[in-house]
Amino acid sequence: MSELTLHDLSKKMAKLDFAMLNTRSPSGNLTSRPMSNNGDVEYDGDSYFFAYETSRKIADIRADSEVSLTYTGAIGMLGGSPLFVAVEGVASLITDKPTFADHWTKDLDHYFPDGIDTPGVVMIRVQAKSIRYWDGKDEGQISL
């Protein structure tokens with residue numbers, strides 16, 4: 001069992017862009033969908049994603065804010081093991097445009113053509129409660 005700090009794990013996660021966001025649907029089933037970090041790194045236990053307010057994931061979060069995220073990295077140099085990260089947390093929805101600007105990257109303009117002024121855009125903040133990671137022989141858990 002490894003004893004990585006959150007800062008150490010953040011360095012390892014710096015190149016991980018996509019995560020699977022897992023919510024609970026109204027029927028009680030788990031639902032997963034890919035979300036992009038868009039280079040918003042120096043991970044401190046909070047993850048930020050953008051979505052349209054009318055999307056099913058937003059309705060799921062409003063009904064049950066307990067979510068999870070899973071990240072998988074590419075195979076390491078020389079064929080080494082990839083990094084796997086599982087986050088359990090609580091999601092909140094943010095509609096404040098100045099806060100959007102703090103986490104916005106130009107790549108998001110592809111999905112939200114009017115930038116932070118795109119009608120119906122909302123930011124999802126996932127605040128981690130527990131993080132499990134596997135990186136080759138290293139594995140561990142960080143509780144926040």
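## A tour of the main pocket and its rings

Start with strand S3 (46-52), which gives the largest pocket four lining residues, the largest share; strands are DSSP E runs of at least two residues, helices H or I runs of at least four, both numbered from the N terminus. You're looking at a predicted model, where local features need pLDDT of at least 70, side-chain atom pairs need 80 or more, and totals for chains, interfaces and linings use all residues. Numbering runs from 1 along each chain as its sequence is written, and side-chain values use heavy atoms, leaving out hydrogens and water.

Next, select Met-35, Ser-36, Phe-50, Tyr-111 and Phe-112: of the 15 lining residues, these lie nearest the pocket's centre. A pocket here is an open set of points on a 1 Å grid over the protein atoms alone, where a 1.4 Å probe fits, with protein on both sides within 12 Å along at least five of seven lines; lining residues have an atom within 4 Å of a point.

Now show Phe-50 and Phe-100. Their ring centres are 5.5 Å apart with planes at 85°, so they pair edge-to-face (centres within 6.5 Å; under 30 degrees is stacked, over 60 edge-to-face, the rest tilted, using the six-membered ring for Trp). Phe-50 sits in S3 and Phe-100 in helix H3 (residues 97-103), so the contact ties together parts 50 residues apart in sequence.

Then pick Tyr-52 and Phe-112, a tilted pair at 4.9 Å and 40°. Phe-112 is buried at 4% relative accessible area, while Tyr-52, at 32%, is partly exposed (buried is under 20%, exposed over 50%, partly exposed in between; 1.4 Å probe, protein chains only).
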